[in-house]
Amino acid sequence: MASAMMESLFQRTLDDLVKGLRLQMVGESRYLAKALEEVRKEMKSTDPIIKVTALQKLTYLQMACGADMSWASFCAVEVMTMTRFSHKKVGYLAASQSFHEGTDVLVLTTNLLKKDLGSKNEYETSLAIECLSRILNADLAAALTPEVFTLMASSRSYIRKKATLVLLRVFVKYPDAIRVAFKRLVEKMDDADPQVVCAAVSVLCELTLKEPRAYLPLAPEFYRLLDKSSNNWLSIKLVKIFGALTPLEPRLGRKIAGPLCDLMRKVHAKSLLFECIRTVTLGLRDHTGAVKLCVEKLRENMDLGDPNLKYLGLKALAALMDSHPWALAESKEVIIKCLNDGDISIQRRALVLIMGMVSESNVVETVQVLLRYAQSADASFCNELLSSILQTCGRARYEIVSDFGWYVTVLSDIACIPHSEHGGEVGRQLMDVAIRVESVRTDVVRACCGLLADPALLGRPALQGALCAAAWIVGEHITRAPHGPYEVLEALLQPRTRLLHFSVHAVYLQTVLKVFVSYAISYQHRYFAKKEVLEQEEVVTQRGSLHAAVELIKENITPLMNSVDMEVQERACNVLGQLQPFEDPNDIHRVQDGFEMLTALSEVFSLDLGPVSVHAQGRVPLPENLLIENNLDALGPVCGSDDVLLNTGEAKTSTSYREWEAEFNFQPPSKENLSGVDPSSAALLQQHRHRYENFYLPSDAPVVDYPPAQLTLSAATTASTSHGPTDSSVFNENSLVWTKPRQAKARRPAVVALDDEDDLPGISTPVSKKGLKDELVFEAIRDALSADRNKGHSAADGLETPQGTSSSRKSGHGHRSTKNRDATNPRVDEIQIHAGDGVGQEADSQTPNVVHREHRRSRHHRPSKLEIHVINDGLSSENESEEYLATVVAVGSKGV
Amino acid sequence: MIRFILLQNRQGKTRLAKYYIPLEDSEKHKLEYEVHRLVVNRDPKFTNFVEFRTHKVIYRRYAGLFFSLCVDITDNELAYLESIHLFVEILDHFFSNVCELDLVFNFHKVYLILDEFILAGELQETSKKAIIERMGELEKQD
């Protein structure tokens, strides 16, 4: 006893601990370790006060210093069971901070939580609910659903509110709870306490955002609430719900447009205003009046200068970008100004909008503005700007660019901007433009020469892609170079080129060769053609003469013969080899030989290069003696095993397997077919297999996992085009059919099963667990709603005529139900499911087929809203009583 | 819904953290570190919203303390910004002129206030008066 007193006297309190921690500038971890050690000891104490303090300290350490407290979970449960409220709350705090779904002591808390949830003290109940919301797992949720359900009807609004909110977590962990509690949740929307209503709407809002379609029938209730709501928070949630619902139901949009506009006009709270705007941009884009009002309000708010409003305004405009481009055009100036904002998130939003507005007519000025901003922006945003310019202009084969001369200068400007890191893309587009747009080639070459000549660019690794492309383009079109080939040679051979990456340098060397060839040939034309004599002094002395070029090249390339990179070394050797005949200008014969060689080379270089079209293969005419079908017949079983689109050349790209089969008179391979395989090919395959054993799949393993038939077919087609029929037969038959006929056959049925066979009675496809859960939820909500809906009007009716006469509604139903008279059977099924699921799990197992059939129907053909209502109306009264009964039974059985 | 709420000082020390979604401890520390890095260097003239992974962080700075709420991408930024302010007002009222030290030494009370304000990731009470009264009652419990 005395020792316990001593302990409690000398125990460090929470304040001491915090103070101590604050004093530790260095060595905090040592202090922490010591404190944890103390806590560990104190927790073993029998004195509740010491234990509680220790737990509280540990909770603090966990929050502030990230200490592990999973080892103390049992102690937390102990403290939770204490009777004094001040102790209990420490335990609950520790639990809600440290427990998670997998904590092993959770099983111990079930009864405790049950007791505290039912406590007379509402603060204890509140503690338990809060903790429950944090630690809930499926078991706890299943066990405590009845308690939460009861608390939702508590006489104290404080408890009702909390129980309603925690319901969301319960639903997530235990979807079956929806059957039990959903109806009551909907009732809470009519609660006397506005905070409870708010809680119910919050929960419904979260649920609606996940699966809006299921909650469409509640729309009239939401509408009613929105109409009379004076609480902004509640209104925000309701408007958000409509944002999710209106895209699904256009009539709802018509109904809600008026009230939303009124709300936007009179509301002062910006949060609600922006929620309304968001809903309009989501679901009411067709309501010009509403959209106009939105744009007006947005501009008003963006002009206020508040960065938050600016940001949200840009975001809302982005949502209107596709459907209402005029809205953006009207606010263009504000948007462009935002580019200069210091806040990167605003800048980004503005950039997205500006790029969205770009069209053929304004692309020039927009890009100029952006380039100007890019000059002054910081590196990362500058690159974002540049990349979006490149992306937008390059879209759909430069759709919006009409003046390519201008675009080429833009590309080279982009490369020259100091922060630019888009060398690769600039290079790709330069090359692309040079190849595609012939009329602009001279401009491209001029721009490229500029890039090559600038020594500063060579030092920037990010630009090497652009330089590589520039070198290639200039090499290909050297005759268009503005200042002649000698300048180009100088640019290509400047000393800083050693900074280039090897692969780029190799391209440079190849270009040097091409330029030299072109240069020498033109030189030859100028002098030899006329005079037939080499004027030595000119050759030797003048800058720009052939000899000078040879010397220039030799001087700069010789060191590269020792390059580490093989490609560079080889090309350097090649270039120098071509120069050899010109080394001695006096040796006229050798020079003449050299010119002959260069003439031959120049013919090779003068061939126009270009990209190969993806459809090029399709244009190759089929050789007459090619028998594709015969050999492919045997592929049938394998092809059939994958229900993929067959890619048999250009014309066949969209032919499905079925059509293909019909077209080729497909027959399943008979025995003759199989035995008719060419024995020589079989032998060949055997040989191959023997040699490359490890590349084959083991023969006992199922073969089915590898390339679908599509690949094989196209491979076979190419093989046959190139090698002729014999080769292809070897390839096809052996590799795919003959070796594994059995597996291929065995797999076939799984594929041929098509949609229409799905509805055969008695065959149920396996439903994945998640799908099952989702469907259960969906169904339960539908049921709950249908019960709720028994007041006699469907959602759609409520929308059309909220206070309409009942007679007209009835006639409407009569008209529809004739269409759905067959719904009687499903009706019975549904009731069965209800009762079964409500009572317990054994009932569930008795009606698996029904459940599954329900799923499948709703998955393939989810019942439209109309159908649901008609079914509901038909059984409103019985359904309600059944549902109610099921609920009561479920609660009863679980309560025991 | 609210994913988590964080109170951090300028040095990145966590003064309060409450997670409404289950997370591993290591993940929590990573989040706290990232959120701090995200908000600490932002100019006061910048927006109070930052995109954060697949969510967004709504934050507000009071003296040396950053109050950050991580919410879903579809949630209403301004409403949560207002709710941060409301929370601070409640704290201010409760501790009469709240400062960082109050929060440190009374972290369990701050949790109680927070639990009266937010439950299961949803705002449960929007009235300052109601929460203050509630806290008064709670203090009276033994």
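**Core, interface and salt bridges**

Me: Which residues touch the most other members of the largest nonpolar core?
Reply: A nonpolar core is a set of buried Ala, Val, Leu, Ile, Met, Phe, Trp, Tyr and Cys residues joined through side-chain atoms within 4.5 Å. Buried means under 20% relative accessible area, exposed over 50%, and partly exposed in between (1.4 Å probe, protein chains only). The largest such core has 286 residues, and those touching the most other members are A:Y60, A:F182, A:L185, A:Y407 and B:F87.

Me: Which helix of chain A gives the most to this core?
Reply: Helices (H or I, at least four residues) and strands (E, at least two) are DSSP runs, numbered from the N terminus. With 14 residues, the helix of chain A that gives the most to this core is α30 (residues 502-531).

Me: What kind of model is this?
Reply: Residues are numbered from 1 along each chain as its sequence is written, while chains are lettered from A and ligands numbered from 1 in the order in which they are written. Side-chain values use heavy atoms, without hydrogens and water; local features need pLDDT of at least 70, side-chain atom pairs count only at pLDDT 80 or more, and totals for chains, interfaces and linings use all residues, as this is a predicted model.

Me: Which residues of chain B does A:Y60 touch?
Reply: Contact means heavy atoms within 4.5 Å. Leaving out residues up to four places away in sequence, A:Y60 touches A:L14, A:L17, A:V18, A:L21 and A:C65 in chain A. In chain B, A:Y60 touches B:R15, B:V104 and B:F107.

Me: What area is buried between chain A and chain B?
Reply: The contact takes 61 residues from chain A and 54 residues from chain B. Buried area is the accessible area (1.4 Å probe) that two parts lose on being put together, summed over both. Carbon and sulfur atoms give 53% of the area, which is about 5200 Å².

Me: How many salt bridges are there between chain A and chain B?
Reply: A salt bridge is a side-chain nitrogen of Lys or Arg within 4 Å of a carboxyl oxygen of Asp or Glu. One joins the side chains of A:K162 and B:E116, at 3.4 Å from N to O. Between chain A and chain B, the count is eight.

Me: Which elements hold B:E122 and A:K237?
Reply: The side chains of B:E122 and A:K237 form a salt bridge at 3.2 Å, N to O. This pair crosses between chains, with B:E122 in strand β7 (residues 122-123) of chain B and A:K237 in helix α14 (residues 232-245) of chain A.

Me: Which residues does A:H477 touch?
Reply: A:H477 lies in the loop between α28 (464-476) and α29 (485-492) of chain A. A:H477 is buried, with a relative accessible area of 9%. Not counting residues up to four places away in sequence, A:H477 touches A:R441, A:V445 and A:D608.
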